[in-house]
Amino acid sequence: MSAGKPRALSFCIGSRLTEPFNTREDMSVNLSVIIVSWNCKTELLDCLHSLTDQNSGDSIEILVVDNASSDGSVEAIHLHFPSVHIIQTGTNLGFAQAANRGLTAARGEYVLFLNPDTLVQTCA
């Protein structure tokens with residue numbers, strides 16, 4: 001894989017969304033997608049677009065754990081993806097601690113840790 005090229009996720013989440021993701025108040029979540037982010041706004045937004053273009057009809061929550069980004073990532077998520085739950089750490093905790101923060105907040109029966117430079121491909 002060459003530097004700067006996003007990875008393609010090799011499994012299918014489902015068909016295009018017709019309704020927004022569940023809100024944090026909805027307790028019936030099948031899959032929690034946790035993305036740890038630090039100053040990768042462009043890649044993160046592409047990742048979120050690829051995720052929100054997919055859904056199998058199951059309830060999915062997306063959590064972004066932001067390690068004190070200074071590139072406008074948090075503001076862009078609020079603007080373009082209001083249903084994404086953002087956990088702001090206030091400092092760069094590193095991947096492991098940030099991932100654990102996301103796991104603590106996750107409500108899904110299943111959890112998927114996803115790198116922010118990953119693109120979820122459309123199902124064939």
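1. Start with strand E2, residues 31-37, in this predicted model. Seven of its seven residues are buried, so E2 is largely enclosed by the rest of the structure. Leu-31, Val-33, Ile-35 and Ser-37 point one way. Ser-32, Ile-34 and Val-36 point the other way. Both sets are buried.

2. Next, look at the partners of E2. Strand E3, residues 60-66, runs parallel to E2, and seven bridges join the two. In this pair, Ser-32 stands opposite Glu-61 of E3. E2 also pairs with strand E5, residues 110-113. That pairing is parallel too, over four bridges. Leu-31 has Tyr-110 of E5 as its bridge partner, and Ile-34 stands opposite Phe-113 of E5.

3. Now step back to the sheet. It is open and has four strands, in the order E4-E3-E2-E5, with parallel pairing. E4 and E5 stand at the edges. Each has a single partner strand, so one side of each is left without a neighbour in the sheet. From one strand to the next, the twist averages 20 degrees.

4. Two helices deserve a look against this sheet. H1 packs on the sheet and touches E2 and E3. The direction of H1 makes about 170 degrees with that of E2. H2 lies across E2, E3 and E4. Relative to E4, H2 runs at about 160 degrees.

5. What lies in the largest nonpolar core? This core has 21 residues. Val-33, Ile-35, Leu-48, Leu-51, Ile-77 and Leu-114 are the ones with the most contacts inside it. H1 supplies the largest share, five residues.

6. Take Ile-35 as a worked example. Set aside its neighbours within four places in sequence. Ile-35 is then in contact with Leu-44, Cys-47, Leu-48 and Leu-51, among others. Its contacts also include Ile-62, Leu-63, Val-64 and Val-65. Leu-114, Asn-115 and Pro-116 are on the list as well.

7. Which residues of H2 are buried? They are Ser-73, Val-74, Ala-76 and Ile-77. These residues cover an arc of only 165 degrees around the axis, which puts them on the same side of H2. An α-helix has 3.6 residues a turn, so residues three or four places apart point the same way. On the other side of H2, Glu-75, His-78 and Leu-79 are exposed. The buried residues of H2 pack against E2, H1, E3 and strand E4, which spans 85-88.

8. The cut-off for buried is under 20%, and exposed means over 50%. Beyond neighbours within four places in sequence, Leu-103 is in contact with Ile-34, Val-111 and Phe-113.

9. Check one loop residue too. Ser-59 is found in the loop between helix H1, 41-52, and E3. Its relative accessibility is 12%, so Ser-59 counts as buried. A polar atom of the Ser-59 side chain lies 2.4 Å from the backbone oxygen of Ser-28.

10. Finally, the whole chain. It holds three helices and six strands. Read along the sequence, the pattern is β-β-α-β-α-β-α-β-β. Of the 124 residues in the chain, 44% are buried. Consider contacts between residues at least 6 apart in sequence: 79% of them join residues at least 24 apart.

Terms used: Residues numbered from 1 in each chain as written. Predicted model: local features only at pLDDT ≥ 70, side-chain atom pairs only at ≥ 80, totals over all residues. Heavy atoms only, no water. Buried < 20%, exposed > 50% of the residue type's maximum accessible area, 1.4 Å probe, protein only. Pairing = 2+ DSSP bridges. Polar contact = N/O pair within 3.5 Å; in protein donor to acceptor, adjacent residues only side chain to side chain. Core = buried A, V, L, I, M, F, W, Y, C linked by side-chain atoms within 4.5 Å. Contact = heavy atoms within 4.5 Å. Arc of directions from axis to C-beta. Axes fitted to C-alpha atoms, helices over the stretch in contact; angles between N-to-C directions.
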